[in-house]
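Reader: Please take me through this model one feature at a time. For each feature, I should like the general idea and then the case at hand.

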Amino acid sequence: MNILVLSDLHIDTRDNFSMFQWDEMDFVTQVERLRDIYSIDKIILNGDIFELLKYTYEEIKKANPVLFRYISGNDFIIIKGNHDIFNSFGITHYQITNSKGQSIHIEHGHKVDWFNGTKFGHTLGKAGLFFLKRLSGSKGIKKVYLKLVSNLEQINQIPKRYNTLKYLTYALKLLKEHDVVILSHTHKLESHHTYYLNKKKRYLNSGSCSLGRFEGIIMNTETLKYELIKETRESVRNLYPMSYAI
């Protein structure tokens, strides 16, 4: 089976504070192009699919009707991240075992953070989010709130916020039980190989599909061979300037 792992889309209302920065059809076209080229059987969205720290689910759905219909298909698996963990749907992780008994473990990876991973930090964050959203009922306060959250998410802040060594250490612990571990959350496309009990192990990070980037992983679950995908919104339009009907 060939899988495509994408993450950290942060789909929003595409307003002035947009993190997603994609046209719906451009994004769908890119996924379909990869599906055709690599004969993708299943697409795994590995967390932070929606930007629920800023907007409600209904606001995001209304602004992206084509994209929502598309990812609702049976060939999509949705894993929860810290920005959409309060969804009523989605799973915490996804595992695949191939015919050789090799195990692939996929999760967002935000549990490594104290704020997102511990019960106290999670409760504190949930309470703070609820309070801020209540405050943002007025247009003026909401604008300040959106600007504050958006500033924290700018691309130049991500390397400072996320020490990838912590996630590598976490992945190594998971690799004692699994042959492949795929995380996301850090917005950094990564590939690391190691050996444990004479078995080759792989830790991969699927990067990000926000801010107009398109990063991800294509893997054959039988051979465990993979390819890292790294493109931009502009290169997608130049490569394949046509849209699929959804």
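Author: Asp75 is partly exposed, with a relative accessible area of 23%; buried means under 20%, exposed over 50%, and partly exposed in between (1.4 Å probe, protein chains only). The model is predicted, so local features need pLDDT of at least 70 and side-chain atom pairs pLDDT 80 or more, while totals for chains, interfaces and linings use all residues. Residues are numbered from 1 along each chain as its sequence is written, and side-chain values use heavy atoms, without hydrogens or water.

Reader: What percentage of the residues of the protein chain count as buried?

Author: Of its 246 residues, 50% count as buried. The secondary structure comes to nine helices and ten strands, taken as DSSP runs numbered from the N terminus (helices: H or I, at least four residues; strands: E, at least two).

Reader: How is a salt bridge to be read, and how many salt bridges are there?

Author: Side chains of opposite charge can pair when their charged atoms come close. The criterion is a side-chain nitrogen of Lys or Arg within 4 Å of a carboxyl oxygen of Asp or Glu, and by this rule there are five salt bridges. One of them joins Arg35 and Asp75, at 2.5 Å from N to O. This pair links distant parts of the chain: Arg35 belongs to helix α1, whereas Asp75 sits in the loop between α3 (65–71) and β3 (76–79), 40 residues away. Arg35 also forms a salt bridge with Glu32, at 3.0 Å from N to O. Glu32 and Arg35 are three residues apart in helix α1, so about one helical turn separates them. Together, Glu32, Arg35 and Asp75 make up a network of salt bridges.

Reader: Which side chain meets that of Arg233 in a salt bridge?

Author: The partner of Arg233 is Glu234, at 3.3 Å from N to O. Glu234 is partly exposed, at 41% relative accessibility. By contrast, Arg35 is buried at 17%, and Glu32 is buried at 11%.

**Helix α1**

Reader: How does the length of α1 agree with what its residues should span?

Author: The expected span of a helix is 1.5 Å times one less than its number of residues. The 15 residues of α1 should therefore span 21 Å, and the end C-alpha atoms are 22 Å apart, in agreement. Twelve of the 15 residues are buried, including Glu24, Phe27, Val31 and Leu34.

Reader: How many aromatic pairs are counted?

Author: Rings of Phe, Tyr and Trp (its six-membered ring) pair if their centres lie within 6.5 Å; planes under 30 degrees apart are stacked, over 60 edge-to-face and the rest tilted. The count comes to eight aromatic pairs. In one of them, the ring centres of Trp22 and Phe214 are 6.1 Å apart and the planes stand at 75°, so the arrangement is edge-to-face. Trp22 lies in the loop between β1 (2–6) and α1 (24–38), and Phe214 in strand β9 (213–220), 192 residues apart.

Reader: Which residues have the most contacts inside the largest nonpolar core?

Author: A nonpolar core joins buried Ala, Val, Leu, Ile, Met, Phe, Trp, Tyr and Cys through side-chain atoms within 4.5 Å. The largest has 30 residues, and Leu6, Phe27 and Phe214 have the most contacts inside it. At least two core residues come from each of β1, α1, β2 (42–46), α3, β3 and β9. Another core, of 15 residues, lies apart from it and includes Ile44, Ile79, Ile106 and Ile182.

**Asn82**

Reader: Where is Asn82 placed, and is it buried or exposed?

Author: Asn82 is in the loop between β3 and β4 (93–97) and is buried, with a relative accessible area of 11%. Its side chain makes a polar contact of 3.3 Å with that of His108 and another of 3.2 Å with that of His185. A polar contact is a pair of N or O atoms within 3.5 Å; within protein, one must be able to donate a hydrogen and the other to accept it, and residues adjacent in sequence count only if both atoms are side-chain atoms.
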